[in-house]
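Reader: I have a structure open and would like to go through how it packs. Can we start with a pair of helices?

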Amino acid sequence: MKSLLAAFFFFKSLLSIIIFWVLILVADVESDTAVLAALAYTIFYSLVAIGMDRIVRIDFGLLFFFSVGYILCIFLPQYSMIYLIERFSTFLYLTFFLTVYIPFVFGKEPFTVINAKRVAPPEFWETKEFKEITSIMALVWCGLFLTAFLVTLKKGLSTQIIIPILIILLVGVPFNRYFKNFYFKLKGMA
């Protein structure tokens, strides 16, 4: 049970994207059914994550993204195919960018703080260094999501799927892993 819960939180609400595309491509269901299933999973995950204090802004972004998709299916079906199929990646990365950037602009806590608090001791949370690290990381992720969004404006398999995923995997993941140590070395603290 513990490993199942660990997998659940490892995949987060991002599993909703896989659910959506598996239903569309493998099960050959209509987009309104697929988006409803993805939205239902995202709601379920978010409720569990809220209850266990594991919710992050990206989860809210996916709630927004799939909610808009479902609303389009119901009220403006002529636009739902553009949003959900033709420009899925474009709108997804735009949503991620806005989810991270807008709160940051309005002085809210950077989205990176939640994960940072899971690994940093509580006495470090109010320090200048903690706030700088999480702010820089949030800005870098804003840049990564904005770059992915801009790449997806050009149609094509590589620009819609491959390049944005490579940006996240080859830049974002290593950045998350190594930036904190780099920061401390740069400041002469390591």
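**Helix packing and cores**

Author: α6 and α9 are roughly parallel to each other, because their angle falls in the range that counts as such (under 35 degrees; over 145 is roughly antiparallel, 65 to 115 roughly perpendicular and the rest oblique). This is a predicted model, in which local features need pLDDT of at least 70, side-chain atom pairs count only at pLDDT 80 or more, and totals for chains, interfaces and linings use all residues. Residues are numbered from 1 along each chain as its sequence is written, and side-chain values use heavy atoms, with hydrogens and water left out.

Reader: What is the angle between α6 and α9, and how far apart are their axes?

Author: The angle is about 25 degrees and the axes are 10 Å apart, with α6 at residues 88-105 and α9 at residues 157-186. Axes are lines fitted to C-alpha atoms, for helices over the stretch in contact, and angles run from 0 to 180 degrees between N-to-C directions. Helices are DSSP runs (H or I, at least four residues), numbered from the N terminus.

Reader: Which residues meet there?

Author: From α6 come S89, T90 and Y93, and from α9 come Q160, P164, I165 and I168. By class, that contact of α6 with α9 has four nonpolar, three polar and no charged residues. Ala, Val, Leu, Ile, Met, Phe, Trp, Tyr, Cys and Pro count as nonpolar, Asp, Glu, Lys and Arg as charged, and the others, Gly among them, as polar.

Reader: And α8 with α9, at what angle do they cross?

Author: They cross at roughly 165 degrees, and their axes come within 10 Å. That makes α8 roughly antiparallel to α9. The contact of α8 with α9 divides into 19 nonpolar, six polar and three charged residues.

Reader: New topic. Which residues touch the most other members in the largest nonpolar core?

Author: F20, F66 and F145 do, out of 44 residues. A nonpolar core is a set of buried Ala, Val, Leu, Ile, Met, Phe, Trp, Tyr and Cys residues joined through side-chain atoms within 4.5 Å. Buried means under 20% relative accessible area, exposed over 50%, partly exposed in between (1.4 Å probe, protein chains only).

Reader: Which helix gives the most to this core?

Author: α8, with 10 residues.

Reader: What does F66 contact?

Author: Leaving aside neighbours within four places in sequence, F66 is in contact (heavy atoms within 4.5 Å) with S16, I17, F20, V35, A38, L39, T42 and F88.

Reader: Last one: is D28 buried or exposed?

Author: D28 counts as exposed, because its relative accessibility is 65%. D28 sits in the loop between α2 and α3.

Technical notes. Helices (H or I, at least four residues) and strands (E, at least two) are DSSP runs, numbered from the N terminus.
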